[in-house]
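Please open the structure in your viewer and get ready to select a few residues. We will go from stop to stop together.

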Amino acid sequence: MNKRDYLIKTFSRTKRKDYENYILTAIWHKLDNMNIKPVSQQYVKRQNGRYALMDLYFPQLKIGIEVDEAYHLNNHTEDNLRMDDIISAVYEESIEDFQVYRMDATKSIDEINARIHEVVSIIKNKAAVVKTTLNWMTYEEELSELKQKEYLSIHDNVQFKDIKDIANTVFGKNAKRYQLSYFRVIDKTWLWCPKLSIVENGDTKSVASGWLNLLAEDWTYIDESHQDVAIAKERTKNYMEEMNVGRERAVFAKYKNNLGFNSYRFVGVFKISGVSPDNDEFLRYDRISERVRIIKSTVSKQLES
């Protein structure tokens, strides 16, 4: 998606919120800097474990904007989040110099415009400080930069478009396509890209051909089962094989990002620990690491040598 289409789709999410739309688009246009990437409707996980919605977020500058309208002036946190929101959230505790600026839409137009001017000045000043590294990268450029790193962490807010990009960027593969969502990538490590189940009114619903994949809200474990009782029982009987070989799963959960596109997010490396203590029809996978080593591709190694 080019910048024009991205910006149109991003700001169209506020078209039914008149005051918010006025403030956010005013901030963006007054910045007048196409190297700054805006992200709308970005959830942030606070250090206290709760979530806050940034109406506009600038990830390069670590600045969030929250617009307070009359109907939610005293309601800054959201308790009933979709799993997609939780997966796509950024972690405040992992972001240095994270700043949030509030905009009170109930003020007069003069006061609102004065606040817009104040916040725009702050953003411009911070952008000027980091201008040597300020660059709104394309998706391909983001993947290329990631390849140069040693590890990928759960705190890195990297969105992968498909499984092929995960395998090629993180695990050094050179594939054109992957149809499987679970396969071995290196030694005892398997890549697992589960579709997470939906829980509505206490009932768990599968969105993955009968498989039930429940990720804990803090990402520390995954419970897995199947709607078919026979398959579920067979899995719980034979899990010792996976446990005995010490298989690890690098998990990239599938979700819809803030623009509504399917994406994959790294949520950790997991290892089976046995039957879930919460439900004996599920198997429990505990997170054993918050990061995974990035493997250079065979082609890259040959070029270096």
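Does Glu142 count as buried, partly exposed or exposed? Select Glu142 and have a look: its relative accessibility is 30%, so Glu142 counts as partly exposed, because that class lies between 20% and 50%. Keep in mind that this is a predicted model. Glu142 is part of helix 5, which covers residues 139-147.

Zoom out for a moment. The chain holds nine helices and 16 strands, and 44% of its 305 residues are buried.

Next come charged pairs. Side chains of opposite charge can pair when their charged atoms come close. The chain has 16 salt bridges.

Select Glu66 and Arg46, a salt bridge whose closest N and O atoms are 3.3 Å apart. Glu66 sits in strand 3 (residues 63-68), while Arg46 is in the loop between strand 1 and strand 2, 20 residues apart. Glu66 is buried, with a relative accessible area of 3%.

Then pick Asp68 and Arg102, which form a salt bridge at 3.1 Å, N to O. This pair links strand 3 with strand 5, across 34 residues. Asp68 is buried at 7%, whereas Arg102 is partly exposed at 30%.

For the last stop, select Arg235 and Glu224, with a salt bridge of 2.6 Å from N to O. Arg235 is in helix 7 and Glu224 in strand 12, so the pair ties together parts eleven residues apart in sequence. Glu224 counts as buried, at 7% relative accessibility.

Terms used
Residues numbered from 1 in each chain as written. Predicted model: local features only at pLDDT ≥ 70, side-chain atom pairs only at ≥ 80, totals over all residues. Heavy atoms only, no water. Helix = DSSP H or I, 4+ residues; strand = E, 2+ residues; numbered from the N terminus. Buried < 20%, exposed > 50% of the residue type's maximum accessible area, 1.4 Å probe, protein only. Salt bridge = Lys/Arg side-chain N within 4 Å of Asp/Glu carboxyl O.
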